[in-house]
Amino acid sequence: GDDNNDSGFVQNDNDGNDDGDGEETGTGTNRRLESDKTKMCPHYRQLTSEALAKKAMSTFVPDKVKVNCCSMGGEKTKFGTHDIEDLVVFGVQPNVIRGVALYREPDVPSFGLQLGQQKGSKGSITVSNVPPGGSAIKEGTIQQGDTIVTIDSLDVSRGRELKDVSNRIRETKDPLLLDVYRGVGDDIDENEYSEDSACPYYLSRALAKGADLVFCPYNYVLDPSIRSAMEIKVENAIIVLDEAHNVEDTLRQEGSGKYGEIELLEMNFLLSSYASKWE
C-alpha cells in the first residue's frame, strides 16, 4: 500500500501472507500495525482497505468537474459537504449511500432513472440503467446495479412492487431523496453494523487532509497540543473564527488549570527549593 496518497487513507491490496516469523497477524499494511500482542480495533483496520477508501472517497469527495451549484442540483445537494453524523452512519454501513438528492431538469418530467426488480414481483428494486442526459447521471452518484433502499425515508428495500415504487418516484416533488445499497449480497440493513464498518473518527481525520473547508471547535486550532495531535496544518490556510468574542474565554480555559491542595503544596515546595538556591 501507499502511505502517502492524497486521500489520507492507507490502501492495500495485499493477500496478507506473512513470510516472517509468524507473529504478525495483520494483512498488508496492517502487518506493520498489529501483532499477537498488540491488537487493532477492527473498525480502524478497515481504513487500510482499498475498497473502503474508494467508497469513502466516492461518498464524501465530489467530482470537482461536475460540481456547479449555480446550474444543477439544489438545497439538498451535498457535493462533498458532510458532518460527523454522516461519517457515523457511513461507518456503520459503508455500503449504503445516503441522502442522494435528485432534481429534475427543466421541462423534463423524470429523474433519469430506469428501474428493475429481482427475485419475483416483490424482490429488491435495482437501478437497471442511468440514461445519458438525465439529472441522475449529471448528479453522478447513482450507478447501474444500485439497490434502492429508501425513497424520502420510506423503506422500499423489500416487499414492494416495482410499479408502486416507480409511481412513487414519478409523483415525488423535487428533490427525490434516495438511499441506495452498493455492495455484495442482500445484507442491506442500513441500521446494522456491516462487516465493512469503519471508525468515523479516523474517517474524519483522513478526509480532512484533502478537504477544502473544515469546521472544528476553537481549541482544535488554538491549542498547540490538540492541533499537533490532530495533525492540523495552519500554514497557508485561511482561518475564520466565527463568534470571535468567545476566543478570549477559550484561550483562558486552555491556559488555566485546576489544582488541589496536595498539588499546591508540592508546587510550593518546588518553588521554595528553587528560590533557596538564589538566596
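Select Arg 252 to start: this residue is partly exposed, with a relative accessible area of 45%. Buried means under 20% relative accessible area, exposed over 50%, and partly exposed in between, using a 1.4 Å probe and protein chains only.

This is a predicted model: local features need pLDDT of at least 70, side-chain atom pairs count only at pLDDT 80 or more, and totals for chains, interfaces and linings use all residues. Residues are numbered from 1 along each chain as its sequence is written, and side-chain values use heavy atoms, with hydrogens and water left out.

**Stop 1: helix 9**

Glu 248 and Arg 252 form a salt bridge, with their closest N and O atoms 3.0 Å apart. A salt bridge here is a side-chain nitrogen of Lys or Arg within 4 Å of a carboxyl oxygen of Asp or Glu. Both residues sit in helix 9, 4 residues apart, about one turn of the helix. Helices (H or I, at least four residues) and strands (E, at least two) are DSSP runs, numbered from the N terminus. Glu 248 counts as exposed, because its relative accessibility is 54%.

**Stop 2: other salt bridges**

Side chains of opposite charge can pair when their charged atoms come close. By the rule used here, the count is 7 salt bridges. Pick Arg 104 and Asp 174 next: their closest N and O atoms are 2.9 Å apart in a salt bridge. This pair links distant parts of the chain, 70 residues apart. Arg 104 is in the loop between strand 1 and strand 2 (114-117), and Asp 174 is in the loop between helix 5 (162-171) and strand 6. Asp 174 is partly exposed, at a relative accessible area of 37%.

Then select Glu 231 and Arg 205. Their side chains meet in a salt bridge (3.8 Å, N to O). Glu 231 lies in the loop between helix 8 (224-229) and helix 9 (247-254), and Arg 205 lies in helix 6 (residues 200-208), so the pair ties together parts 26 residues apart in sequence. Glu 231 is partly exposed, with a relative accessible area of 43%.

**Stop 3: strand 1**

Select residues 96-102, which make up strand 1. Is this strand mostly covered or mostly uncovered? Mostly covered: 6 of its 7 residues are buried. Show strand 6 (residues 176-181) as well; 5 bridges join the two strands, which run antiparallel. Two strands pair if DSSP finds at least two bridges between them. Look at Val 96: Tyr 181 in strand 6 stands opposite.

**Stop 4: two tyrosines**

The structure holds 2 aromatic pairs. In one of them, the rings of Tyr 201 and Tyr 202 have centres 5.0 Å apart and planes at 75°, so the pair is edge-to-face. Rings of Phe, Tyr and Trp (its six-membered ring) pair if their centres lie within 6.5 Å; planes under 30 degrees apart count as stacked, over 60 as edge-to-face and the rest as tilted. Tyr 201 is partly exposed at 36% relative accessible area, and Tyr 202 is partly exposed at 33%.

**Stop 5**

Finish with Leu 271, in helix 10 (residues 261-276). This leucine counts as exposed, at 54% relative accessibility.
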